[in-house]
Amino acid sequence: MDIFVINLSSAIKRRQFQEQQLSRLKLDYQITNATTISDINNKTYQKHHYDWQRPMQKTEVACYFSHQTLWSKIVKKNRMALILEDDVLLSKHTPSILTKLEKYTNFDMVNLEVFNRKKYVAKKSQPIGHHQLFYLYQDKAGAAAYVLYPNGAKKLLQQQQKSGIALADAHLHNCLELQSYQIEPACAVQLMFCKKYDIKQHSTAISQSFIRYENNNNSIFVFKIKRITVQIKLGIRQLSFILKAKKRYIKLNNKDFK
């Protein structure tokens, strides 16, 4: 399995943090330069500015293409990969979980992350070592640590062809064709949530989000229609799995991160 770390070349402390963490876990990895706003020309930005449920900022478009570049690479190599953002903290069990996941061939995506938000997961699970693997019916946020299989990468790229782009995590979680699973206890958490899970906090230089959200024309009619349409689709989907799934927080064992 390949391991890719998305890192802005200017975020040196984050890169060093990941190099130390992944070396300590004895995982081979590749640092990949994140797409920056200077990589997004006006033609590309104008093409995708209105794709999502509100106008997207250039930083959000760049973040999307950082992930999309790796999805294309997974398809080209026909090889599964763990995709990490550079502000994610991994548990000591991550290497053994990755080894076990290599044996599965019928998955599209496995989420290792907890994001301090409830998810719809199956009521029943299957063991994977000392962890549990749940079918992930619906998630809301987070793209900091996920294993993507070639078939899943193809579906995400097809979703772009069909509906355009979105925030990276929204694109990932709103691709209804994706067969997704969730690891529990979670093996990854973004540094900005460490305090929430009673894990040692790190410098704000590496834990603070680079993306600043602005109030940008949320009230425009076309975006209201887009949001309502998505909510209707998600509501219909929830009805299809409501008896098989439970909406709840994913557990995290903070001792796994010490």
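Predicted model: local features only at pLDDT ≥ 70, side-chain atom pairs only at ≥ 80, totals over all residues.
User: Why is the contact between Arg79 and Asp2 called a salt bridge?

Analyst: The term requires a side-chain nitrogen of Lys or Arg within 4 Å of a carboxyl oxygen of Asp or Glu. In this pair the closest N and O atoms are 3.1 Å apart, so the contact meets the cut-off of 4 Å. The structure holds seven salt bridges.

User: What makes this pair a tie between separate parts of the chain?

Analyst: Arg79 belongs to the loop between helix H3 (58-77) and strand E3 (81-85), while Asp2 belongs to strand E1 (residues 2-7); because these parts are 77 residues apart in sequence, the pair ties them together. Asp2 and Arg79 also belong to a network of salt bridges that includes Lys77.

User: Are Arg79 and Asp2 buried or partly exposed, and how do you know?

Analyst: Buried means under 20% relative accessible area, exposed means over 50%, and partly exposed lies in between. Asp2 has 9% relative accessibility and therefore counts as buried. Arg79 has 37%, so Arg79 counts as partly exposed.

User: Which elements hold Arg14 and Asp86, and what makes their contact a salt bridge?

Analyst: The side chains of Arg14 and Asp86 meet with an N to O distance of 3.0 Å, and the limit is 4 Å, so the name applies. Arg14 is in helix H1 (residues 12-24) and Asp86 is in the loop between E3 and E4, 72 residues apart. Both residues are buried.

User: How do you know that Asp139 and Lys119 form a salt bridge, and what does the pair tie together?

Analyst: The closest N and O atoms of Asp139 and Lys119 are 3.1 Å apart. Asp139 lies in the loop between strand E8 (131-138) and strand E9 (145-148), and Lys119 in strand E7 (residues 119-128), so the pair ties together parts that are 20 residues apart in sequence. Asp139, at 5% relative accessibility, counts as buried, and Lys119 is buried too, with a relative accessible area of 1%.

User: What makes E1 largely enclosed by the rest of the structure?

Analyst: Six of the six residues of E1 are buried, so the strand is largely enclosed. Asp2, Phe4 and Ile6 are buried on one side, and Ile3, Val5 and Asn7 are buried on the other, which leaves both faces covered.

User: How do you know that E1 pairs with E3 and with strand E2 (residues 30-33)?

Analyst: Two strands count as a pair if there are at least two bridges between them. E1 and E3 have five bridges in the parallel sense, and Val5 stands opposite Leu84 in E3. E1 and E2 have four bridges, also in the parallel sense, with Asn7 opposite Asn33 in E2.

User: Why are strands E4 (88-90) and E6 (113-114) said to stand at the edges of their sheet?

Analyst: The open sheet has three strands in the order E4-E11-E6, with mixed pairing. Strands E4 and E6 each have a single partner strand, so one side of each is left without a neighbour in the sheet. E4 is joined to strand E11 (residues 188-190) by three bridges, and these two strands run antiparallel.

User: How do you know that the length of helix H5 (residues 150-163) is close to the expected value?

Analyst: H5 has 14 residues and reaches 20 Å from its first C-alpha to its last, close to the 20 Å expected at 1.5 Å a residue. Its buried residues include Pro150, Gly152 and Leu156, and what covers the buried residues includes helix H2 (42-48), H3, E9 and helix H6 (168-173).

User: Which residues have the most contacts inside the largest nonpolar core?

Analyst: This core has 33 residues, and those with the most contacts inside it are Leu84, Leu101, Val110, Leu112 and Val147. Among the elements that give two or more residues to this core are E1, E3 and helix H4 (94-101). Leaving aside neighbours within four places in sequence, the contacts of Leu101 include Met1, Val110 and Tyr149.

Conventions: Residues numbered from 1 in each chain as written. Heavy atoms only, no water. Buried < 20%, exposed > 50% of the residue type's maximum accessible area, 1.4 Å probe, protein only. Expected span 1.5 Å × (residues − 1). Contact = heavy atoms within 4.5 Å. Core = buried A, V, L, I, M, F, W, Y, C linked by side-chain atoms within 4.5 Å.
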